[in-house]
Amino acid sequence: MSDCCAAPGLLPFEQALANMLSQISPITETLTLPIEQALHYVLAQDIASPLNVPPHDNSAMDGYAFAIESLLASKTLTLVGRSMAGSPFQGKCQLGECIRIMTGAKMPDCCDSVEMQENTSTDGEKVTFSQDKSFGSHVRKTGEDIKINQQVLSSSHKLTAVDIGVLASLGVVDVIVYRKLKVALIATGDELKLPGHTLRVGDIYESNRFVLAAMLNTLNVDVIDFGIIADDFYAIKAAFVSADKQADAVISSGGVSVGDADYTKTVLDDLGEISFWKIAMKPGKPFAFGKLVNSVFFGLPGNPVSALVTFHQLALVALTKMQNAQPLKRTHLMVKCTTALRKSPGRMDFQRGVLSVSDTGENIVSSTGSQGSGILSSLARANCFIILPSEQDKVTAGEQVTIQLFDHFL
Ligand code: AMP
Ligand code: MG
């Protein structure tokens, strides 16, 4: 695969992604979890329904159940019993009779339709119906939600809160899921300080690990936090060796470019087979990927926006494959861009945009303004990426552009 417009020596974004994914093997270890602990885990089994949901015809209203012939013959029926949710009517009824019924209660065998109580009047023995009704009114049919043996969830599906409810409604007690990934996080840089500490001249507060840990929590992995490691060959090496022993994936930020203090490359050359890529994307050009002894390694650039965008667009996609989950689906739209955008051909841009609806009801996007790769607040203000292909030149206000809506990770 080549990209005619990528600057020489730069790897096209799609090629970097495909290359990386081809080297990722999904984990195979599974465990059995009670459904109440299974939120956001990836299913390792198909789930077929052991029963019909609902398991019996039942009333959708509080009111009266009857056979439709009874109501066709007379507007006043004799009340002969009650069917409550959990205590169904056990007896029999005849033509001309009706049963008091509550929402969710099993339909008596002798009834086929329900009228809501608001359209009736009663003296306690007789019930008078004010309206005609059709056969089957206000009855929820057996299996109308889920039929017995119907496949409800498939392997590789990541369980949502609603899925947990669906599993409970099927009477499922526990599920087989893939174990969580263990992901080690390392920030490198002598200038980085933890929030709460005083900054010396030249220092900045460390932020990449915080963003990445939060996004990894959303991915439902176990984060092993190695904190901030100084720009020191031995310290970096010790951190990587330990991270590789404990984790399925090791993620570092900073030190992957060509600065004097960028020891990460030297350390990694010692430890594994790592490719240091210059990807034709903006932000995020320097990016490293490869295999350590036990784990895979993602080396993100240090600049906060670059770290976040490469993590979101590349590492998250790879980690999702490692988890055995279905590929992430991201929503792309073509919309009018109301601001001019600076761009020159050669790299694929992930500019930060704000999607909104104009006074005339049209979807429009505008730039968040300055797009520097250190300007994290530009991402905080955005709700989408404006994705400009490699060959694209500057955008004039009013042109159509492709946007990618922020997903639940951002
Ligand atoms: P580097 O890739 O190490 O040369 O870092 C590039 C830029 O990103 C520098 O301005 C760093 O200070 C900054 N940077 C690196 N790591 C972090 C981090 N974890 N949090 C915030 N900024 C960082
Ligand atoms: Mg650095």
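How are α4 and α7 oriented to each other? I looked this up in a predicted model, where local features need pLDDT of at least 70, side-chain atom pairs count only at pLDDT 80 or more, and totals for chains, interfaces and linings use all residues. Residues are numbered from 1 along each chain as written, chains are lettered from A and ligands numbered from 1 in written order, and side-chain values use heavy atoms, without hydrogens and water.

**Helix pair**

I got an angle of about 25° between α4 (residues 208-219) and α7 (residues 304-322), with the axes 11 Å apart. Axes are lines fitted to C-alpha atoms, for helices over the stretch in contact, and angles run from 0 to 180 degrees between N-to-C directions. Helices are DSSP runs of H or I, at least four residues, and strands are runs of E, at least two, numbered from the N terminus. So α4 and α7 are roughly parallel (under 35 degrees).

I then listed the contact (heavy atoms within 4.5 Å): α4 gives residues including Val211, Met215 and Leu219, and α7 gives, among them, Ala307, Phe311 and His312.

**Sheet**

I found an open six-stranded sheet, ordered β7-β4-β6-β5-β9-β8, with mixed pairing. Strands pair if DSSP finds at least two bridges between them. β7 (113-116) and β8 (120-122) are the edges; each has a single partner strand, so one side of each lacks a neighbour in the sheet. The twist averages 40° from one strand to the next.

I also checked β5 (residues 76-83) against β6 (residues 97-101): they pair in the parallel sense over five bridges. Threonine 78 has glutamate 97 in β6 as its bridge partner.

Key
Parallel < 35°, antiparallel > 145°, perpendicular 65-115°, else oblique.
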